[in-house]
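Subject: Structure for your review

Dear colleague,

My notes on it come after the sequence and coordinates, and I would be grateful if you read the two side by side.

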Amino acid sequence: MELILSTSPAELTLDPTCQPELTLKSSLTKLTLDPTCQRELPLDSTCHPKMTFSPSAAELTLDPEHQPEKTLAPSLAELTLEPVHRRPELLDACADLINDEWPRSRASRLHSLGQSSDAFPLCLMLLSPNPTPEAAPIVVGHARLSRVLNQPQSLLVETVVVARALRGRGFGRRLMEGLEVFARARGFRKLHLTTHDQLHFYTHLGYQLGEPVQGLVFTSRQLPATLLNFFPMALSPRLPWKAPNLTVQAAPRGPKGPPLPPPPPLPECLTTSPPAPSGPPPKSLLETQYQNMRGCPIFWMEKDI
């Protein structure tokens, strides 16, 4: 049975043994129930209405066992810079950090890190104390230092990386500042590096555009410096294209018969191009003439320390 209620006030008595279906019109603005009749409406215990709760943020309590883990940023004051070869137990963690940025064979990465020594090249790790007592430190960053050919007071900085979860919090600056202190304490006065996407970061640290240098993959006091000069130097900028020689040459003689007539003279140029500027091209933070082995444009930068 269907019962339609209108907006006109009327007394409605419902038989508890017969519960009709109530359809309320959209024009109904107010519905008043007689409190004396409410107790006559039994509720079926087998029928439970569906209830939706929308608690506020202040009333919402999460189970601590199911809360997501947060990455706690270590304090900058607690960071230390140590060579890889003095902490062999951290080789695996350092390899994972570098491979997360530049994927490579794990065996090859570990072999490269194993070449670190006080005689250079030298791999440095930025370490943070582990919150768990008696646990190994956390590897936050890494950088590699190599000597520079024919520049005994310079070092080449390579493979600079910071853990992804900790980027943008000042750890990259802390790593580079630690490299300067480490190099200056050992008598070096200039750092060189290359970059293709962190130009403004290094500019804020005081680096300027420079010339390419050649890093040494190994050094030895028993190796004469003259022998090092035979190693290939750093890639130089591409030489400008030269036009072929267009001077008129004598026509070749055939085996028989009169010589061939010479070709007609070349027409004179109506416009002359300005002479090419002498010296190296101007340096710009927007364009570079250098590329790495993959053909990606790179910027050579340097800083006096």
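**Confidence**

Please bear in mind that this is a predicted model. The protein chain has a mean pLDDT of 75, and 56% of its residues reach 70 or more. Residues 7-12 stay under 50 in pLDDT, and the model has five contacts for them beyond four places in sequence. The stretch 57-62 likewise stays under 50, with two contacts of that kind.

**The nonpolar core**

The largest nonpolar core comprises 42 residues, and Leu145, Met176 and Tyr207 have the most contacts inside it. At least two residues of this core come from each of the following elements: helices H2 (91-101), H4 (171-184) and H5 (199-204), together with strands S4 (122-128), S5, S6 (151-162), S7 (190-195) and S10 (297-304). Another core, of six residues, lies apart from it and includes Val148, Val213, Ile298 and Trp300. As general background, nonpolar side chains in soluble globular proteins tend to be buried together.

Methionine 176 deserves a separate entry. Beyond its neighbours within four places in sequence, methionine 176 is in contact with Val157, Val160, Leu193, Phe201, Tyr202, Leu205 and Tyr207.

Helix H4 has 14 residues and reaches 20 Å from its first C-alpha to its last, close to the 20 Å expected at 1.5 Å a residue. Its buried residues are Phe171, Leu175, Met176, Gly178, Leu179, Glu180, Phe182 and Ala183.

In H2, the buried residues are Cys94, Ala95, Leu97, Ile98 and Asn99. These residues pack against helix H3 (106-114) and against strands S4, S5 and S6.

Which residues does asparagine 99 contact, leaving aside its neighbours within four places in sequence? They are Arg104, Ser105, Arg106 and Arg109. Two of these contacts can be described at the level of polar atoms. A polar atom of the asparagine 99 side chain lies 3.3 Å from the backbone oxygen of arginine 104. The side chains of asparagine 99 and arginine 109 are joined by a polar contact of 2.9 Å. Asparagine 99 and arginine 109 are 10 residues apart in sequence, and their C-alpha atoms are 7.8 Å apart in space.

Arginine 144 is located in strand S5, which covers residues 138-148. With a relative accessible area of 15%, arginine 144 is also buried. Residues up to four places away in sequence aside, arginine 144 touches Ser112, Pro121, Leu122, Cys123, Leu156, Val157, Glu158 and Thr159.

**Cysteines**

The structure holds zero disulfides. Cysteine 123 is buried, at 2% relative accessibility, whereas cysteine 296 counts as partly exposed at 26%.

**Backbone geometry**

Two places in the backbone may call for your attention. In general, most residues other than glycine have a negative phi, and most peptide bonds are trans.

The peptide bond between phenylalanine 120 and proline 121 is cis, with omega about 0 degrees. Phenylalanine 120 also has a positive phi, of about 70 degrees, although it is not a glycine. At 6% relative accessibility, phenylalanine 120 counts as buried.

The other place is asparagine 150, a residue other than glycine whose phi is positive, near 65 degrees. Asparagine 150 lies in the loop between S5 and S6. Is asparagine 150 buried or exposed? At 56% relative accessibility, asparagine 150 counts as exposed.

With kind regards

Definitions and conventions. Residues are numbered from 1 along each chain as its sequence is written. This is a predicted model: local features need pLDDT of at least 70, side-chain atom pairs count only at pLDDT 80 or more; totals for chains, interfaces and linings use all residues. Side-chain values use heavy atoms; hydrogens and water are left out. Helices (H or I, at least four residues) and strands (E, at least two) are DSSP runs, numbered from the N terminus. Buried means under 20% relative accessible area, exposed over 50%, partly exposed in between (1.4 Å probe, protein chains only). Contact means heavy atoms within 4.5 Å. A nonpolar core is a set of buried Ala, Val, Leu, Ile, Met, Phe, Trp, Tyr and Cys residues joined through side-chain atoms within 4.5 Å. A polar contact is a pair of N or O atoms within 3.5 Å; within protein, one must be able to donate a hydrogen and the other to accept it, and residues adjacent in sequence count only if both atoms are side-chain atoms. The expected span of a helix is 1.5 Å times one less than its number of residues. A disulfide is a pair of cysteine sulfur atoms within 2.5 Å. pLDDT is the predictor's confidence in each residue, from 0 to 100.
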